[in-house]
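Got your viewer open and ready to click around? Let's take a short tour, one selection at a time.

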Amino acid sequence: MNVDSSILELNRRLINYTEKMTGKNAKTIIWISLTVFVLLTATGVAAGEIKEVVSTSPSWESFTNEDGTGLYHEVLKAVFAQYGVAVRHVYSKSGRSEELVRIGAADIMTCDDVAQPPLALGRYPLYINDFFVFFKKERIGPWRGAESLRGREILSQPTYYSQDNFSVPVKIKDILTGTRALGMIILDRSDFYVDDMTLIRQSIKENTIPYDEKDFDIKKAGSRSYHPLFRINDRGKAVMKMYDDGIYRLHKAGKLRPIYEKWGHAYPDFNSF
């Protein structure tokens, strides 16, 4: 596919996105359309030629708050500030965020634990943590670790979890939001809802269905590290190298830990990656 046909195909996809978006998200399409030509046609890009990078993800409390604060926002700004490069964020659902990076309309998706070509994970994580399952005690019975999950249906926000995250066979079912998944567990319509503890707490906070807390439980289901996603092309490789070198430099200088402590999140062991 040549550059012209790539741009035409991208415009078609962006139009499809626009039709599905409302409010603030729809307004981002105009900006994306104006910048995508540069992102698609950049070849042999050097770090010094990059003046702005585009990150994308949903709005996650304490990670990517809509006011521009949060762990991911602050770390990325600190990383790229070392190069004099601004970071602009586009809020979008996880699956759409990955697609924006895949088609060259954004540089970085925050964050994921796996990547498929043409995407690649950065070497160093932005976040490392345990993940948990929320369930009804009467439905599941005594907790037996991974064996309690075997063969069970597990509700996940789209693209957040897969069979690869579990040591026993499970049935992953994507649900639009964590709040909706939690509600299905409360209503006894499925077995487990899986998420990061921060997101489970956010779902509980947003839940409007009455329930008795003593009838439910939350247990650790596993651990994983979350890395930014980059596109495997010249620009993507340049941005990824800036990220990898920059975040490790901040770590070695002792400037990174205070950001994690500020937001109450575990500090990754950057020396082990």
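Which elements each supply at least two residues of the lining of the largest cavity? Select H4, strand S3 (108-112), strand S8 (192-196) and strand S9 (216-231), because those are the ones that do, with strands taken as DSSP runs. Before you go on, keep in mind that this is a predicted model.

**Stop 1: the largest cavity**

Stay with that cavity for a moment. Its volume is about 220 Å³, and 18 residues line it. To find its centre, select Trp-60, Cys-111, Tyr-160, Leu-199 and Tyr-226, the lining residues closest to that point. Now colour S3: this strand gives the most to the lining, with three residues. A search of the whole structure finds two cavities of 30 Å³ or more.

**Stop 2: the largest pocket**

Next, move over to the largest pocket, which holds about 590 Å³ of space. Select Pro-58, Ser-59, Lys-93, Gln-157 and Thr-177: of the 22 lining residues, these are the closest to the pocket's centre. Then show helix H2 (23-41), helix H4 (94-102), helix H6 (178-186) and helix H7 (197-206), the elements that give two or more residues to this lining. Which of them provides the largest share? That's H7, with four residues. Colour by class again, and the pocket lining splits into seven nonpolar, 11 polar and four charged residues.

**Stop 3: H6 against H7**

Keep H6 and H7 on screen and hide the rest. Their axes come within 8 Å and cross at roughly 75°, so the two helices are roughly perpendicular to each other. Show the side chains where they touch: Gly-178, Thr-179 and Leu-182 on H6, with Ile-200, Ser-203, Ile-204 and Glu-206 on H7. This contact has three nonpolar, three polar and one charged residues.

**Stop 4: H3 against H8**

For the last stop, select helix H3 (residues 71-81) and helix H8 (residues 234-252), whose axes come within 8 Å and cross at roughly 100°. That makes H3 roughly perpendicular to H8. On the H3 side, pick Val-75, Leu-76, Ala-78, Val-79 and Phe-80. Facing them from H8 are Val-239, Met-242, Tyr-243, Gly-246, Ile-247 and Leu-250. How many charged residues does this contact have? There are no charged residues here, and the contact has 10 nonpolar and one polar.

Notes:
Residues numbered from 1 in each chain as written. Predicted model: local features only at pLDDT ≥ 70, side-chain atom pairs only at ≥ 80, totals over all residues. Heavy atoms only, no water. 1 Å grid on protein atoms, 1.4 Å probe; cavity = no way out; pocket = protein on both sides within 12 Å on 5 of 7 lines; lining within 4 Å. Points joined across faces, edges and corners; volume = space filled by probe spheres on them. Nonpolar A, V, L, I, M, F, W, Y, C, P; charged D, E, K, R; others polar. Axes fitted to C-alpha atoms, helices over the stretch in contact; angles between N-to-C directions. Parallel < 35°, antiparallel > 145°, perpendicular 65-115°, else oblique. Contact = heavy atoms within 4.5 Å.
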